[in-house]
Amino acid sequence: MRREQRWTRLSERRVMGSLQRFSLCFSWKRILCIFFLPVILSGFAPQVKDKEDLIFANAQLQPAQYSMFNWSHLTPLKLTDRSVGLQTESRVGSKPYFTLGGHKFLIFGGSIHYFWVPREYWRDRLLKLKACGFNTLTTYVPWNLHEPQRGKFDFSGNLDLEAFVLMAAEIGLWVILRPGPYICSEMDLGGLPSWLLQDPKMILRTTYKGFVEAVNKYFDHLISRVAPLQYRKRGPIIAVQVENEYGSFAEDKDYMPYIQKALLERGIVELLMTSDDAKHMLKGYIEGVLATLNMNTFQINDFKQLSQVQRNKPIMVMEFWVGWFDTWGGKHMIKNAEDVEDTVSKFITSEISFNVYMFHGGTNFGFMNGATYFGKHRGVVTSYDYDAVLTEAGDYTEKYFKLRKLFGSVVAVHLPPLPKLSPKAEYPAVKPSLFLPLWDVLQYLNKPVISHTPVNMESLPINNGNGQSYGLVLYETFICCGGSLHANVQDTAQVFLNEKNIGLLGDGIKKLNIPKIRECQLLRILVENQGRVNFSWKIQDQWKGLTGSVTIDNIPLNGFIIYSLEMTMSFLKGILCSFSRLRYATWKPVRKNYSGPAFYLGTLKAGSSPKDTFLRLLNWNYGFVFINGHNLGRYSIIGPQETLYLPGTWLHPRDNEIILFEKRKSGSYIQTIDEPKL
């Protein structure tokens with residue numbers, strides 16, 4: 001922690017000490033760019049078909065000739081005349097541009113998603129966004145979290161969208177809202193609720209009746225909350241995005257106009273935008289809606305694609321990817337800070353509005369993570385650090401200081417002072433002393449489902465008919481012979497005879513040999529949802545658990561007892577209540593190298609003033625960690641992520657209850673360190 005603070009102060013002194021020199025250098029370099037960049041760009045620019053294309057390309061990408069930007073009067077609290085919102089302007093002799101309240105405006109946006117950040121840290125992250133020099137916040141809205149069951153909406157606590165938006169306004173940030181219904185964001189099913197999959201004919205992201213009826217009910221509730229927060233109603237929302245990256249999906253030409261109309265009919269009056277990469281923009285564009293680009297670097301060809309769908313409009317890059325996400329078993333993705341600075345500098349020089357994705361990524365707490373599928377299912381890791389401008393824990397990075405220095409050189413007012421770093425701490429290692437095998441817990445769970453055949457997770461008759469969204473499902477049935485077991489599982493399954501592990505089923509592994517048995521035994525199949533795919537047409541078949549019949553030597557098995565293991569906070573509280581009713585002797589001392597799924601209980605001692613820390617689970621294999629009822633997410637021995645972020649705000653003074661659910665084999669200690677290992 002002290003090392004980080006010294007580095008931060010040193011970096012700031014270097015930034016401030018060289019600001020004047022930088023400004024002078026930047027000025028003469030900018031002058032050279034004004035004369036020579038058009039010549040350079042012309043050499044790399046794509047061939048245009050006619051004179052009109054040539055005029056457009058030159059007008060859009062020539063370096064700007066401007067004085068310092070001054071938006072000090074264009075903040076939510078200072079701009080009182082709200083008659084004219086964010087608009088596009090195009091005049092003869094100048095490139096198109098945005099205006100806000102009638103004043104020329106360039107969007108410096110940064111993405112922070114409230115649902116990935118503990119509410120207690122929202123203000124800190126937003127203040128750091130403002131202090132870096134950004135003027136706009138962008139955020140997604142996750143349908144699956146806000147409507148976990150049909151008609152049951154949750155906008156409380158960490159999901160209080162209105163409070164987040166109003167806090168941004170208080171701090172001096174405008175807001176671009178991205179309400180979906182599909183948001184991608186490397187989130188389970190792209191932010192769509194899993195109960196949609198109960199309809200076997202469901203076609204997501206189309207005008208299929210069952211889908212749009214659900215969208216309409218959700219939008220009825222959501223838009224009634226955010227419409228009063230729009231610019232013209234004295235709120236900070238200056239623009240709203242229609243769906244998300246639909247061009248890469250593009251299964252229904254009527255769908256995007258339908259979503260546009262749904263927003264307008266419910267009172268959205270601010271500027272509407274779409275968001276696509278250049279390759280798919282033509283398929284995601286809506287007539288009359290501003291098309292924006294997603295990209296990972298400054299690409300002239302991408303802007304030419306944009307010119308094919310709209311002219312005489314300012315350019316907006318909705319997602320400039322300053323990093324990337326990680327998946328289990330892959331490598332940790334990073335992006336060079338100088339490349340990020342260079343690209344943003346080109347945006348500013350060309351007067352292109354932009355949004356940095358992500359400014360601050362946060363964490364896939366619980367089971368929010370999505371997955372990729374390119375021939376193999378890979379779950380997104382728990383950390384959504386994204387190699388972003390701020391780290392997962394909200395700490396400054398080289399990218400932050402480079403962008404702050406750049407922004408400080410082009411705005412006419414001093415940037416706000418830097419908020420202090422959140423302190424980090426190391427705590428004494430925790431050695432769980434007690435454990436309970438999963439099999440001992442089953443009798444204390446809610447009543448299991450009895451079914452003649454297996455039932456997939458989403459179709460289980462639980463949660464008021466909404467099925468199960470996350471976690472695990474345990475299927476039990478008796479068998480009286482061995483043979484070749486065949487089952488379709490999503491995503492991975494451990495197979496047991498009574499309590500003995502006999503193998504795995506999963507991605508590409510559908511068969512398992514069961515040895516000969518002398519008498520009937522209990523076959524147990526423990527299936528985990530490791531994250532639904534969040535992108536591409538693959539979202540259509542994301543049923544989890546056992547999906548189809550289970551056979552031995554082609555003979556179907558029947559008579560299943562099915563336990564739902566959601567691992568939610570309410571589930572865990574139920575377990576703990578059950579534990580408290582058990583006699584102490586029911587708990588078992590932790591065995592060395594115990595194999596099999598089990599809960600492990602320990603106490604983390606955090607002292608009188610808890611601080612952020614990072615859990616390191618050396619010698620543990622795979623599972624989830626709960627601290628005082630909060631699900632910190634998955635850990636896995638395969639990496640790349642080695643630590644789990646533990647916010648200090650979730651810790652109590654002194655004693656804190658840690659529960660591990662380890663699926664495979666017990667480890668020894670749970671360590672804490674003061675910096676992440678990703």
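Student: Leaving aside neighbours within four places in sequence, which residues is Glu319 in contact with?

Tutor: Glu319 is in contact with Tyr140, Arg178, Asn244, Glu245, Leu293, Asn294, Met295, Asn355 and Tyr357. Contact here means heavy atoms within 4.5 Å. A word on the ground rules: this is a predicted model, where local features need pLDDT of at least 70 and side-chain atom pairs count only at pLDDT 80 or more, while totals for chains, interfaces and linings use all residues. Residues are numbered from 1 along each chain as its sequence is written, and side-chain values use heavy atoms, with hydrogens and water left out.

Student: What makes the Glu319 and Arg178 side chains a polar contact?

Tutor: The term asks for a pair of N or O atoms within 3.5 Å; within protein, one must be able to donate a hydrogen and the other to accept it, and residues adjacent in sequence count only if both atoms are side-chain atoms. The side chains of Glu319 and Arg178 come to 2.8 Å, so the pair falls within the 3.5 Å cut-off.

Student: Why is Glu319 called buried?

Tutor: Buried means under 20% relative accessible area, exposed over 50%, and partly exposed in between, using a 1.4 Å probe and protein chains only. Glu319 has 4% relative accessibility, so it counts as buried. Its place is in strand S10, residues 316–321. Helices (H or I, at least four residues) and strands (E, at least two) are DSSP runs, numbered from the N terminus.

Student: Which residues does the "active site" annotation cover?

Tutor: According to the unreviewed UniProt entry, the annotation covers Glu245 and Glu319. They are spread over 75 residues of sequence but cluster in space, with a largest C-alpha distance of 10.6 Å. UniProt positions follow the numbering used here, feature names are shortened, and annotations may be inferred rather than shown by experiment.

Student: Where does Glu245 lie, and is this residue buried or exposed?

Tutor: Glu245 sits in the loop between strand S7 (237–241) and helix H8 (255–265). Its relative accessible area is 12%, so it is buried. Not counting residues up to four places away in sequence, Glu245 touches Cys184, Arg205, Ser275, Asp276, Asn294, Glu319, Trp321 and Phe535.

Student: How do you know that the buried residues of H8 are on the same side?

Tutor: The buried ones are Tyr255, Met256, Ile259, Gln260, Ala262 and Leu263. They cover an arc of only 160° around the axis, and therefore lie on the same side of H8. The arc is that of the directions from the helix axis to the C-beta atoms. An α-helix has 3.6 residues a turn, so residues three or four places apart point the same way.

Student: What covers those H8 residues?

Tutor: The cover includes helix H7 (209–226), S7, strand S8 (271–277) and helix H9 (281–284). Just after H8, Gly267 takes a positive phi of about 105°.

Student: Why is S8 described as largely enclosed by the rest of the structure?

Tutor: In S8, 6 of the 7 residues are buried, so the strand is largely enclosed. S8 is also joined to S7, which runs parallel to it, by 3 bridges. Two strands pair if DSSP finds at least two bridges between them, so S7 and S8 qualify. Ala239 stands opposite Leu271 in S8.

Student: What makes S24 and S25 a pair?

Tutor: S24 (residues 551–552) and S25 have 2 bridges, in the antiparallel sense, so they meet the requirement of at least two. Within this pairing, Ile552 stands opposite Ile555 in S25. Both strands belong to an open, antiparallel sheet of 4 strands in the order S21-S17-S24-S25.

Student: Why is one side of S21 and of S25 left without a neighbour in the sheet?

Tutor: Strands S21 (511–514) and S25 (555–556) stand at the edges, and each has a single partner strand, so one side of each has no neighbour in the sheet.

Student: How do you know that Ser353 is buried?

Tutor: Ser353 has 1% relative accessibility, so it counts as buried. This residue lies in strand S11, residues 353–360. A polar atom of the Ser353 side chain lies 2.9 Å from the backbone nitrogen of Ile107.

Student: What do the totals for the chain look like?

Tutor: The chain has 14 helices and 34 strands, and 58% of its 678 residues count as buried.
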